[in-house]
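The sequence and structure come first.

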Amino acid sequence: MFIENHQGELVYMSSTLIPLRHAFTTRFGGVSGGHLASLNLLSDKGDSPENVRENYRRVAALFGVGEDDCAVTKQVHGTAVRIVTEADKHQCLTPVPYEADGIVTAAKGLPIFCFTADCVPVLLCDAAHGVAGAVHCGWRSSVGDILKNALAQMETLGARPGNVCAAIGPAIGKCCFETDDDVPEAVTAWLGGETEGLFVRRADGKTLVDLRGANARRLMQLGVPAAQIDVSDECTICSHEKYWSHRYTKGRRGGQAAVIAIS
């Protein structure tokens, strides 16, 4: 079950299935103004560096660290998943020196971030073995099997799929993810045809796709028990006042993060 949390001005979501400290941020609790109000975590959308840094500081403080003490993705809608360590701490507002839509770690006290504004954020953890992951699952990354790559990288750190808990956060819902045939065809191939309930075909030839449900199904195929997968029911387009949505704003928006840390 997902619950809403309030820490000072910050409003963030968390899953009762994830035993590690984690957060799915919302638009609320930052210092940015105008169309980027208020918790924008992206530095390339016209926000001032001072605002972005303060927004990061507030989120990092949830985890007891500073804004320069976290590791982050550099997202290209690909399938690369990087193992990060203390050496990968990112100095806020500087270029990220690698490309990875997912990152995993066994480093204690290192919050790891991925970013979304409609795409599916997935937080993974094997608390027993001290391994966590943050994965950006846009549809291209999803059908490219980024979750398989993430679990494989977690296994190299000692995790086991049967021990993994997953939280699939707020994202564009089946209600709003309108696609041409290329997306359902790619999802069908990715899931080996196990797509019951994931598509609604409309009379106009478009298809509505449940990308969160598709990623949950893939996790189950990869050995994560269904009882250990939590899926948010919030759609970022329907709840655009609470979450950043690329489609709703036609790209004129900020970004939120999914964050997890091993204590």
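Strand S3 (21-25) and strand S15 (256-261) each give at least two residues to the lining of the largest cavity; strands (E, at least two residues) and helices (H or I, at least four) are DSSP runs numbered from the N terminus. The model is predicted, with local features needing pLDDT of at least 70, side-chain atom pairs pLDDT 80 or more, and totals for chains, interfaces and linings using all residues. Residues are numbered from 1 along each chain as its sequence is written, and side-chain values use heavy atoms, without hydrogens and water.

A cavity is a set of points on a 1 Å grid over the protein atoms alone where a 1.4 Å probe fits but cannot get out, and lining residues have an atom within 4 Å of a point. There are 2 cavities of 30 Å³ or more.

| Cavity | Volume | Lining residues |
|---|---|---|
| Largest | About 50 Å³ | Phe-24, Thr-25, Thr-116, Pro-121, Pro-170, Tyr-243, Gln-256, Ala-257 and Ala-258 |

S15 supplies the largest share of the lining of the largest cavity, 3 residues.

Helix H5 (residues 211-221) is mostly covered, with 8 of its 11 residues buried, that is, under 20% relative accessible area (1.4 Å probe, protein chains only). Among the buried residues of H5 are Arg-212 and Arg-218. At the N-terminal end, Asp-210 caps H5 through a side-chain oxygen 3.4 Å from the backbone nitrogen of Arg-212. Gly-223, which follows H5, has a positive phi near 105°.

Definitions and conventions: On a 1 Å grid over the protein atoms alone, a cavity is a set of points where a 1.4 Å probe fits but cannot get out, and a pocket is an open set with protein on both sides within 12 Å along at least five of seven lines; lining residues have an atom within 4 Å of a point. Grid points are joined across faces, edges and corners, and a volume is the space filled by probe spheres set on the points. Buried means under 20% relative accessible area, exposed over 50%, partly exposed in between (1.4 Å probe, protein chains only). A polar contact is a pair of N or O atoms within 3.5 Å; within protein, one must be able to donate a hydrogen and the other to accept it, and residues adjacent in sequence count only if both atoms are side-chain atoms.
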